[in-house]
Amino acid sequence: MDVVNDNFYQMLPEIERAIAECDFIAIDGEFTGLHNGTMVSIFDTAAQYYQKLRSNCMDFLMVQFGLCAVKYNAEKKKFTYRAYNFYTFPKPMSRYAPDCRFLCQSSSMEFLSNNNFDFNKLFKHGIPFLTLPDEQVLRNELLNRYKQNCLQAQTPSKVSDCIPIPDNHKTEIETACEKVKELLESETSSEVIVAEKTNSFVRKLIYQEVYKRFSDSKVSLQSRIVEDIGNVMIAFKGRTKLLMAQERMEREQIELEKAVGFSAVLKKIIASNKPVVGHNMTLDVCHMIHQFCLPLPSSYSEFQAMVKTISYRFLDTKYISGTEPLKPFFNSTVLNDLKKSLSEQCPNYTDLEPEEPEVGYSEDVSKLHDAGFDAYLTSTVFVNLCNLYGKVKGIKEHISTDSTYLKQFENKLYMIRYNEDPCLNLNGPEPQLQRSHVYHITFPAEWKTIDITNIFSPFTNVFIKYINDTSAWVALRDGTQAKAMNKILPKLQALHKNIILLPWSVYYKDTYTSNVPTTTKRKISDCSSSPPKDNIDSSIVEGSSDDHDDHTPEKVPRISKGRRVSKGGTISPILEGDESTELDADSSAVSDITDLDLKNSSVVTPSYAQTLKTKKDPDTAELKTIFPVASWD
């Protein structure tokens with residue numbers, strides 16, 4: 001069911017009840033963009049990954065929030081659900097509410113448009129929201145205005161220092177005063193509009209003349225905005241200024257509650273403390289907190305603690321399906337592919353039934369990338385992942401979201417990783433990570449994969465992850481070769497003047513100490529990036545002197561997928577597939593290039609081993625000992 005500003009407050013009691021009564025909540029989001037800076041890397045630590053999300057992703061807007069509240073009936077052994085699709089847009093509902101700015105990314109807007117996103121519904125009928133700090137600021141301002149109005153109401157009106165009435169306004173002011181006089185003499189009327197379409201100067205003159213001619217205990221004035229008319233002045237008979245101040249505060253409190261809008265749903269989720277399920281949900285969780293609750297903290301450890309205030313247990317279906325023991329069952333962990341695989345492999349596949357047709361989705365109508373539908377799909381996938389897990393482990397009882405069987409997946413949000421546990425673990429500090437075998441290389445734009453593999457040809461197997469046209473991460477498949485690589489690194493750099501090759505630790509040290517100023521503006525609060533404190537093996541320093549599954553940053557436009565064949569220039573982003581873009585390269589790749597390829601390409605950079613063949617120096621004998629696998633002769 002689509003929920004917009006027009007029906008939000010009518011639906012809110014039902015939504016709150018669904019949250020309170022459910023067993024778990026599934027969420028999903030759609031965004032105006034995914035990425036605005038340095039892309040995440042498969043070699044990032046959890047803290048680095050979080051810092052990149054916080055610095056480069058939070059200026060975009062979550063424009064749809066999908067919520068699916070799921071209940072399990074133990075007697076009937078069936079699941080029922082209520083799914084809602086909220087359009088969220090930060091339009092100011094009063095003159096005091098913040099007028100927010102946000103970024104849009106062309107590829108993301110095109111993606112939404114191609115998936116039938118209703119932008120008119122968003123901009124015209126989107127539900128507003130406020131963060132807790134913004135809400136508190138507005139409440140304090142409202143209270144201060146009320147106190148000031150009460151003080152003015154108890155202070156007699158002053159007629160001194162009158163403003164002379166200009167000739168062109170005398171008729172208008174006299175007409176207003178005549179209407180006030182008629183109101184006071186009338187026995188039936190209690191209020192009257194004394195002036196229409198007024199500006200602030202005219203309103204001040206009317207206040208001045210009315211209170212000079214008539215007692216403020218008999219008549220009160222108030223300016224209002226009336227639909228189809230504009231700003232008007234209204235005179236009230238027999239209503240004191242104090243009563244008017246109280247009524248004004250009540251009206252502004254109603255406006256404030258409307259401005260809080262969708263944030264009330266998040267407050268209910270927090271109060272319910274129900275398990276939250278998502279698919280590839282790291283970005284969903286970050287935006288949910290930053291947009292509707294609190295600005296994301298600068299520290300990763302503070303973020304871990306903050307997430308726990310939303311729910312005690314998060315479960316990510318992408319992480320569950322991508323790790324043991326369920327990983328072998330799936331060729332793809334795209335949400336819709338997971339559902340298809342589960343329906344084929346689970347003998348006890350479970351369909352979720354909507355409690356009412358209005359809050360359900362038809363299986364015959366696919367609405368992929370509609371946040372409400374994706375939240376429902378996530379619920380279905382989660383329930384059947386639990387069924388498959390029970391089958392694999394020989395568990396016959398029902399596995400609920402509170403089950404200890406799911407402890408190994410608890411509070412682990414998926415993040416793309418290379419040969420490591422692919423998650424942001426919210427439960428504690430990250431274990432020490434080994435990065436001594438990882439290098440950052442900067443190279444000419446015309447280079448291709450073969451040029452990079454030539455640099456590393458003394459090593460039998462490397463992994464290349466492109467960042468852009470001129471830089472990449474290169475990892476040695478055999479981490480034990482890192483010591484030998486670090487030993488020859490200075491000489492390797494000296495041989496190839498057109499590249500910069502840095503160990504992982506040195507690259508990040510230089511990056512965070514360069515003090516490069518940032519021009520990124522925060523939506524709510526300044527969020528300047530700071531060097532993350534990571535658990536990195538200290539021996540790294542001593543030894544060295546992304547897919548498009550829904551909306552996570554590791555799925556932002558890929559620079560390359562498969563073997564790199566571009567001759568420079570901009571490489572079109574690849575926005576398909578679910579698994580990480582991996583490129584295996586080894587020294588044998590050189591022999592796979594045909595003569596025609598060599599003729600059509602730029603001159604291939606000779607490998608380090610090939611270069612040394614033509615040199616007769618003392619280093620050659622040492623290198624032959626270190627790299628017996630290289631062809632030296």
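Predicted model: local features only at pLDDT ≥ 70, side-chain atom pairs only at ≥ 80, totals over all residues.
1. Helices α6 and α7. Two packed helices are described by the angle between their axes and the distance between the axes. For helix α6 (residues 167-185) and helix α7 (residues 200-213), the axes come within 10 Å and cross at roughly 45 degrees. That angle makes α6 oblique to α7. The crossing of the two helices is right-handed.

2. Residues between α6 and α7. On the α6 side, the contact is made by His169, Glu172, Ile173, Glu174, Ala176, Cys177 and Val180. They meet Phe201, Val202, Leu205, Ile206, Glu209, Val210 and Arg213 in α7. Sorted by class, the contact of α6 with α7 has nine nonpolar, one polar and four charged residues.

3. Helices α1 and α9. Helix α1 (residues 5-21) packs against helix α9 (residues 263-272) at an angle of about 15 degrees, and their axes are 10 Å apart. Angles under 35 degrees count as roughly parallel, and α1 and α9 are therefore roughly parallel to each other. Their crossing is right-handed.

4. Residues between α1 and α9. From α1, Phe8, Leu12, Glu16, Ile19 and Ala20 take part in the contact. Their counterparts in α9 are Ala264, Val265, Lys268, Ile269 and Ser272. The contact of α1 with α9 divides into seven nonpolar, one polar and two charged residues.

5. Cysteines. How many disulfides does a search of the whole structure find? The number is zero.

6. Tyrosine 507. This residue lies in helix α17 (residues 504-513). Histidine 440 is 67 residues away from tyrosine 507 in sequence, but their C-alpha atoms are 6.8 Å apart in space. Leaving aside neighbours within four places in sequence, tyrosine 507 is in contact with His440, Trp473 and Leu502.

7. Leucine 132. Leucine 132 is placed in helix α5 (residues 132-153). Its relative accessibility is 34%, which counts as partly exposed. Between leucine 132 and glutamine 291 there are 159 residues of separation along the chain, and 9.7 Å between C-alpha atoms. Not counting residues up to four places away in sequence, leucine 132 touches Lys267, Cys293 and Leu294.

8. A cis peptide bond. Which residues does the cis bond join? The bond runs between glutamate 324 and proline 325, with omega about 10 degrees. Proline 325 is found in the loop between α12 (317-321) and α13 (335-345).

9. Asparagine 116. Phi of asparagine 116 is near 65 degrees, a positive value in a residue other than glycine. Asparagine 116 sits in the loop between α3 (106-114) and α4 (119-125). At 70% relative accessibility, asparagine 116 counts as exposed.

10. Histidine 369. Phi is positive for histidine 369 too, near 70 degrees, and this residue is other than glycine. Histidine 369 is in the loop between β10 (353-354) and α14 (371-393). Its relative accessibility is 17%, and histidine 369 counts as buried.

Key: Residues numbered from 1 in each chain as written. Heavy atoms only, no water. Axes fitted to C-alpha atoms, helices over the stretch in contact; angles between N-to-C directions. Helix = DSSP H or I, 4+ residues; strand = E, 2+ residues; numbered from the N terminus. Parallel < 35°, antiparallel > 145°, perpendicular 65-115°, else oblique. Left-handed = near helix turned anticlockwise from the far one by under 90°. Contact = heavy atoms within 4.5 Å. Nonpolar A, V, L, I, M, F, W, Y, C, P; charged D, E, K, R; others polar. Disulfide = S-S within 2.5 Å. Buried < 20%, exposed > 50% of the residue type's maximum accessible area, 1.4 Å probe, protein only.
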